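Please prepare a briefing on the protein shown below.

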Amino acid sequence: MRIQAILALIGCLFLMSCQTMSKEECAVADWRVVGEQDGAAGYNPQDWFARHVKACEKAGVAADQTLWYEGYQLGLPRYCTPLNGLSVGSQGKSYANVCPADLDPGFRDGYEIGRTYNRKNGEIRSVESRISTLEREIREDEELINQGKADKRATERKIKSSRRTIRGLERDIRHLQSDLRRIEDDMEDFRYDHTPRT
């Protein structure tokens, strides 16, 4: 019975996460404004409008695709800037290839630098996690030795090997951090080059 309740709760949460609008929002929606907000967020137009249709069918409201699409086109230029590309990429968000041909190259330039930054950060976190795991294993092994529950010589060899591995991983982190600083410099240059001057 308890498992069924948990599964039902998960199902409800999943449905809520897929629903783009509440019944109340559907009832009072200005579809041009909704479209503009969606364009400014860079949502995939086909998928996102289909979600609106599904959400609002439950409220008995028909989504106006013409008005929504007009708004969507107005919102896209706010999303498709080089600086927003940098932000989207650095947060590890995906790009749905929605920018028009004249804005796509600038957005994509920023997005690629941001993605490089995000990936490098991910590599550092992964190595840090590996070090944390090894340090925890060393503490556990030392405790086993103290309690007389492990072969002292074999366990000490294992600890020594783990510490060697940690030193190697710490060197890797220093190299990765050096790479990250270079990427951050590139990001700073990119921001400077694409910030409007008054």
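The buried residues of helix H8 are covered by parts that include helix H6 (82–90) and helix H7 (104–146). Helices (H or I, at least four residues) and strands (E, at least two) are DSSP runs, numbered from the N terminus. The model is predicted: local features need pLDDT of at least 70, and side-chain atom pairs count only at pLDDT 80 or more, while totals for chains, interfaces and linings use all residues. Residues are numbered from 1 along each chain as its sequence is written, and side-chain values use heavy atoms, with hydrogens and water left out.

**Helix H8**

- Helix H8 comprises 43 residues (residues 152–194), which at 1.5 Å a residue should span 63 Å, and the distance of 61 Å between its end C-alpha atoms agrees. The expected span of a helix is 1.5 Å times one less than its number of residues.
- The buried residues of H8 are Thr 155, Ile 159, Ser 162, Ile 166, Gly 168, Leu 169, Ile 173, Leu 176, Leu 180, Ile 183, Met 187 and Phe 190. Buried means under 20% relative accessible area, exposed over 50%, and partly exposed in between (1.4 Å probe, protein chains only).
- An α-helix has 3.6 residues a turn, so residues three or four places apart point the same way.
- At the start of H8, a side-chain oxygen of Asp 151 comes to within 3.2 Å of the backbone nitrogen of Arg 153.
- Ser 162 belongs to helix H8 and has a relative accessible area of 8%, so this residue is buried. Leaving aside residues up to four places away in sequence, Ser 162 touches Leu 134 and Ile 138. Contact means heavy atoms within 4.5 Å.
- Arg 182 also has its place in helix H8, and a polar contact of 2.4 Å joins its side chain to that of Asp 179. A polar contact is a pair of N or O atoms within 3.5 Å; within protein, one must be able to donate a hydrogen and the other to accept it, and residues adjacent in sequence count only if both atoms are side-chain atoms.
- The C-alpha atoms of Arg 182 and Gly 92 are separated by 19 Å, and the two residues are 90 residues apart along the chain.

**Disulfides**

- The structure holds 2 disulfides, where a disulfide is a pair of cysteine sulfur atoms within 2.5 Å. With bonded cysteines counted along the chain, the pattern is 1-2, 3-4.
- Cys 26 counts as buried because its relative accessibility is 2%, and Cys 56 counts as buried because its relative accessibility is 0%.
- Cys 80 and Cys 99 also form a disulfide, with their sulfur atoms 2.2 Å apart. This pair links distant parts of the chain, 19 residues apart: Cys 80 is in the loop between helix H5 (65–79) and H6, and Cys 99 is in the loop between H6 and H7.
- The torsion about the S-S bond of Cys 80 and Cys 99 is about -95°, so this disulfide is left-handed. Both Cys 80 and Cys 99 are buried.

**Two further residues**

- Asp 104 is found in helix H7 and counts as buried because its relative accessibility is 16%. Not counting residues up to four places away in sequence, Asp 104 touches Tyr 95 and Cys 99.
- Lys 58 is located in the loop between H4 and H5. Not counting residues up to four places away in sequence, Lys 58 touches Gln 19 and Lys 23.
- The C-alpha atoms of Lys 58 and Pro 100 are separated by 33 Å, with the two residues 42 residues apart along the chain.

**The protein as a whole**

- The protein has 8 helices and 0 strands.
- Along its principal axes, the C-alpha trace spans about 75 × 60 × 25 Å.
- Of the 198 residues, 28% count as buried.
- Among contacts between residues at least 6 apart in sequence, 73% join residues at least 24 apart.
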